[in-house]
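Biologist: Hi, I'm new to this one. Could you walk me through it?

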Amino acid sequence: MVEKTKSIVLYTIEYKDNMSIVHLYTEKVGRLACFLPVSKGKKSLIKSNIFQPLSILDLEIDHKSGKEIHRVKEAKIAYPLTQIP
């Protein structure tokens, strides 16, 4: 089931050359771990550089109830934070 929700990035871990695992706190579900495909192209739907700690994002997550790690389908910045870095 694909869910749209706002979330806060807690931290990321590099998993393989083309994947990362992102730990999030979401508005609807709570704390989640998600696979994040890392792509270097300009046309990709998910930019890995927006997943900095404490970033607030609008996400589409493929949430399946039997799994521990879910997939991120689409990601956009909800509130650009310019003062924290």
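Biologist: Which residues does Val2 touch, not counting those up to four places away in sequence?

Modeller: Val2 touches Glu60, Ile61 and Asp62 on that count, where contact means heavy atoms within 4.5 Å. Before we go on, this is a predicted model, in which local features need pLDDT of at least 70 and side-chain atom pairs count only at pLDDT 80 or more, while totals for chains, interfaces and linings use all residues. Residues are numbered from 1 along each chain as its sequence is written, and side-chain values use heavy atoms, with hydrogens and water left out.

Biologist: Got it. Where is Val2 found?

Modeller: Val2 is in strand S1. Strands here are DSSP runs of E with at least two residues, numbered from the N terminus.

Biologist: How many bridges join S2 and S3?

Modeller: Seven bridges, in the antiparallel sense, between S2 (residues 19-26) and S3 (residues 31-37). Ile21 stands opposite Phe35 in S3.

Biologist: Switching to rings: what is the count of aromatic pairs?

Modeller: One aromatic pair, with rings of Phe, Tyr and Trp (its six-membered ring) pairing if their centres lie within 6.5 Å; planes under 30 degrees apart count as stacked, over 60 as edge-to-face and the rest as tilted. Tyr15 and Phe35 make a tilted pair, 5.7 Å centre to centre with 50° between the planes. Tyr15 lies in the loop between S1 (2-14) and S2 and Phe35 in S3, so the pair ties together parts that are 20 residues apart in sequence.

Biologist: Is Phe35 buried or exposed?

Modeller: Phe35 is buried, at 17% relative accessibility, whereas Tyr15 is partly exposed at 45%. Buried means under 20% relative accessible area, exposed over 50%, and partly exposed in between (1.4 Å probe, protein chains only).

Biologist: How about salt bridges, how many are there?

Modeller: Two, where a side-chain nitrogen of Lys or Arg has to be within 4 Å of a carboxyl oxygen of Asp or Glu. Lys4 bridges to Glu60, with the closest N and O atoms 3.7 Å apart. That links distant parts of the chain, as Lys4 is in S1 and Glu60 in S4 (residues 56-62), 56 residues apart. Lys76 bridges to Glu74 at 3.4 Å between the closest N and O atoms. Lys4 is exposed, at 57%, and Glu74 is partly exposed, at 23%.

Biologist: Last topic: which residues have the most contacts inside the largest nonpolar core?

Modeller: Leu24, Phe51, Leu59, Val72 and Ala75, in a core of 14 residues. A nonpolar core is a set of buried Ala, Val, Leu, Ile, Met, Phe, Trp, Tyr and Cys residues joined through side-chain atoms within 4.5 Å. S2, S3, S4 and S5 (69-79) each give two or more residues to this core.

Biologist: What is Ala75 in contact with, leaving aside neighbours within four places in sequence?

Modeller: Leu45, Ile46, Ile50, Phe51, Asp58 and Leu59.

Definitions and conventions. Pairing = 2+ DSSP bridges. Helix = DSSP H or I, 4+ residues; strand = E, 2+ residues; numbered from the N terminus.
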